[in-house]
Structure formats: structure tokens, C-alpha cells
Amino acid sequence: MALDFNFTEEQRMLEDSVYKWAMAWLEPQMEHAYEIDEMPKDLFKQTGDLGINGIVFEEKYGGAALGYVETLLAYETIARVSNALSMTVGASQTLCFDNFRRNATEEQKLRVLPKSCTGEWIGCLGITEPNAGSDAMGMATKAEKKGDKYIINGSKIFITNGPVADFMVFYAKTDPAAGPKGISTFFFETAEKKAKGQVKFEKIKKWGMRTSPTALVTFEDMELPEENLIGGLNKGVAVLTSGLCTERITLSGCTLGGQRTCLELSLKYAKERVQFGKPIASFQSIQEKLANMYCNYKAGKFLAYSAAAYCDSLTNKAGGKGTDLDRMAAASLLFNGEVGTKTGLDAIQIHGGYGYTTEYAISRHFLDQKLWEIGAGTSEIRRMIIARELMRDDFKSGL
Ligand SMILES: Cc1cc2nc3c(=O)[nH]c(=O)nc-3n(C[C@H](O)[C@H](O)[C@H](O)COP(=O)(O)OP(=O)(O)OC[C@H]3O[C@@H](n4cnc5c(N)ncnc54)[C@H](O)[C@@H]3O)c2cc1C
């Protein structure tokens, strides 16, 4: 059995360039940006210049034609400085534009994707609704066919990038009586619809993941031509669940990057901080926390990167119900989300009172981690998915 856990030279170079950029451009503005809860202007132009935006897109659309391992690595590396902004980049590029790329027509992709690669356009994805969170299939947003148009009414909540988005992909019921079999996927450019008053994006205040803008989106008789329906009429569930797999795998990078920084900052602090005449790192109860952080990070890293590598090895690179990828993707984010919160808490504890102040970056890393037990399907829902896939009749054990 050949096992090679090393990154390639190209992957190391990617990690290096993203980390240097994040430390030089992002880190100096994070404390203030977090306080005022504003996404740094030009973030997407910067990630566009770095080649992150279209990292898995084909070159003809302006992409780098790399894989989900590289995407995960890029998101992990951004998250070493900002978990929140890594999520924001992922929400635009993986949740919105990559989902669009997998389902739109060639003409539509040639028109839209180059703008996402340069960072001219920011994207968002709308699944969650005020009364349909974990039970996403219970969504109430409706798309009614009138002549050759769809009329959209309803709302979406907690939409990452909503307040700044130029482009949105979302799901709506096209045949409400058919339940999950009556859901379709739509897209639209936001500027024109906002100007006409057909859609509203209202910013939601949060205590964590600040700098990553979140919105309540309301559709009021929003008109869309039929060509803005992608992935097939009433075929939205396959689009949604398949997209959630790449989302859960690559966004595991957000918690991994945060965990790594929590460990690095805690190690440094524990070696420098002296109490009772000794560095606190010499106390066993502090060492226990550091050792746990290390083990969890390494185990989480394996779950995430092995899922990404498995995804890259598939011809269609798609998951969804009844696939091994569904289980692996859910496991990756489940584990990393839960150990991420624990690691964040331990990091604050090691920093003592200083960890409770906003001057120390550790406070942001801690606050951001909790989201990963909730966003992209909660821990409870991920456990249900893992168990469902383990109990599948044709589960052949890839254990
Ligand atoms: C910062 C942030 C960013 C987000 N970004 C996006 C985005 O870009 N796009 C998008 O569409 N959504 C986004 N979300 C929404 C997110 O995916 C939902 O919050 C999540 O799916 C949970 O839905 P809910 O909040 O309605 O919780 P609920 O579904 O109401 O759940 C409440 C609690 O009940 C539990 N629960 C529910 N059903 C079950 C069950 N059957 N068995 C056991 N326990 C259960 C849940 O696990 C949870 O603990 C974001 C959320 C946040 C906070």
C-alpha cells in the first residue's frame, strides 16, 4: 500500500504564496475590520490576483484548473489569518460560482465565470429560509411560471455575502405539491433586480464571523427568464446535495486554518508567559491542552484532505445522497467543526485574561470556530447523513 501524505511542490508554492499574502495584506487590517464588521474592500480582487477565485474552474473561464485539494489548502491558508474571510471566499467561489459552473450552459459560464475569477463579481448561495433550516426541503420560496418567466416570492436567511453580492444562486419550489421533487435552481445578477425593488438584502448582525457579511434576502415578485433556471426543472435537490459535499470538504479548511493558528499562538504564548517563576508551558494541564489541539488538528486534516483527494479522483467529482463522498464530506466538517470549537476554547484558556480581550487575535479565532458546528448543515444533521450512508444496503466499507 503506497501512502503519500506530502503536498506536491506546486501545492507547497500555492500555500506559501497565499500565506505570505494573508500575513502581509489581511492580518494588519483584521483587528479593525472585525471590530467594525466590514469585509476588507478589494478582498476578491486580491484573491483573484492570487488565482484562488477560479481555482477549480477550467482555464477557458479564467480558472487555474486545479482540484478540491488545492481549494481546501487555499481556504485553510486564508483561515490561518481569518476563518471568516476564508468562509466568505468559499461561499462565493465554491458554494455559488462552482455550483453554477457545474450546472449552467456553456454560454452562461463564458459570460459569468471570468468575472468571478477576476473578483469583479462576488457570489452568494441561498438555501436556508426563516422556517426551513435543517429541513431545507421544507423551503417555501416559490417560483411560479407565468408565460416564459418565473415570478419569485419568499425569503432566504443567513446568506453569506448577501449584502455585497453581485450574483446569486438559489433554490425555490417550482412544484410545491411535489415536495423535494419540486425544487429547482435559479441564478440572477443582483444589481438590476435591486434597482427594480424586486429583491432586498438586509445585513444581519453577528457576534462571530464578523467581516463576513450575512443577509436576509427577500424576493418580491422578482421576475426571471426561464434560462435562469439551471440543472433541470425540479432537479434542484441533486444540485443542492452535490454542492453541499464540495462545500463541506473545502470549508473544513476554514476550521483547520483557525485550529492551526490557535495551536501556534497558544504554543508561543505558553512558552513566553511566566507564572510561579516558570513558563506556563511547563505545567502539565497546559501541555495536555496543547497536545489535544495538535492531535485534533492532525486527525481533522486527514479527514478533510482524504475527502478532497477522493473527490478529485472521481470522474464527475460529485456527491449527494447515496455516495461515499456524502459520508466523507459530512465526517470532515463534523469532526473539524467540533474539535475547532474545543481548540478555540482551550486557546482562550491558555491566554487567560488576555485571551478575553479583542486586542489578541485569538479572540477572533475562537469566536469564528463555533459557526462550523452550525453552518453547512449542523453537527446533528451531519451525524444523520453519516449514519444513513453507513447503513446503505450497498455500503461496501471504505473504512
Ligand atoms: C454565519 C452563517 C452563515 C451562513 N451562510 C449560509 C449561506 O451562505 N447560505 C445558506 O443557505 N445558509 C447559510 N447559513 C445557514 C445555516 O446553514 C443554517 O443556520 C443551518 O443549516 C441550521 O439551520 P437553522 O439555523 O434554521 O437551525 P434549525 O434547523 O432550526 O436547528 C436548530 C437546532 O435543532 C437541531 N435539529 C434540527 N433538526 C434536527 C433533527 N432532525 N434531529 C436532531 N436535531 C435537529 C439542529 O441541529 C440545531 O441544533 C449560514 C448560517 C450562519 C450562522
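**Ligand shell**

I looked up the residues around the ligand and got 17, with Thr 128, Ser 134, Phe 158, Thr 160 and Thr 378 coming nearest; a residue is near if one of its heavy atoms lies within 4 Å of the molecule. I'm on a predicted model, where local features need pLDDT of at least 70, side-chain atom pairs count only at pLDDT 80 or more, and totals for chains, interfaces and linings use all residues. Residues are numbered from 1 along each chain as its sequence is written, and side-chain values use heavy atoms, with hydrogens and water left out.

I sorted the shell by type: eight residues are nonpolar, seven polar and two charged (Ala, Val, Leu, Ile, Met, Phe, Trp, Tyr, Cys and Pro count as nonpolar, Asp, Glu, Lys and Arg as charged, the others, Gly among them, as polar).

**Polar contacts**

Next I checked N and O pairs within 3.5 Å. A polar side-chain atom of Thr 160 is 2.8 Å from a ligand nitrogen. Phe 158 puts a backbone N or O atom 2.8 Å from a nitrogen of the ligand. For Leu 125, I found a polar backbone atom 3.0 Å from a ligand nitrogen.

**Elements**

I noted that strand E1 (123-126), strand E3 (149-160) and helix H11 (379-390) each give two or more residues to the shell (DSSP runs, helices H or I of at least four residues, strands E of at least two, numbered from the N terminus). E3 gives the most, with three residues.

Terms used
Polar contact = N/O pair within 3.5 Å; in protein donor to acceptor, adjacent residues only side chain to side chain.
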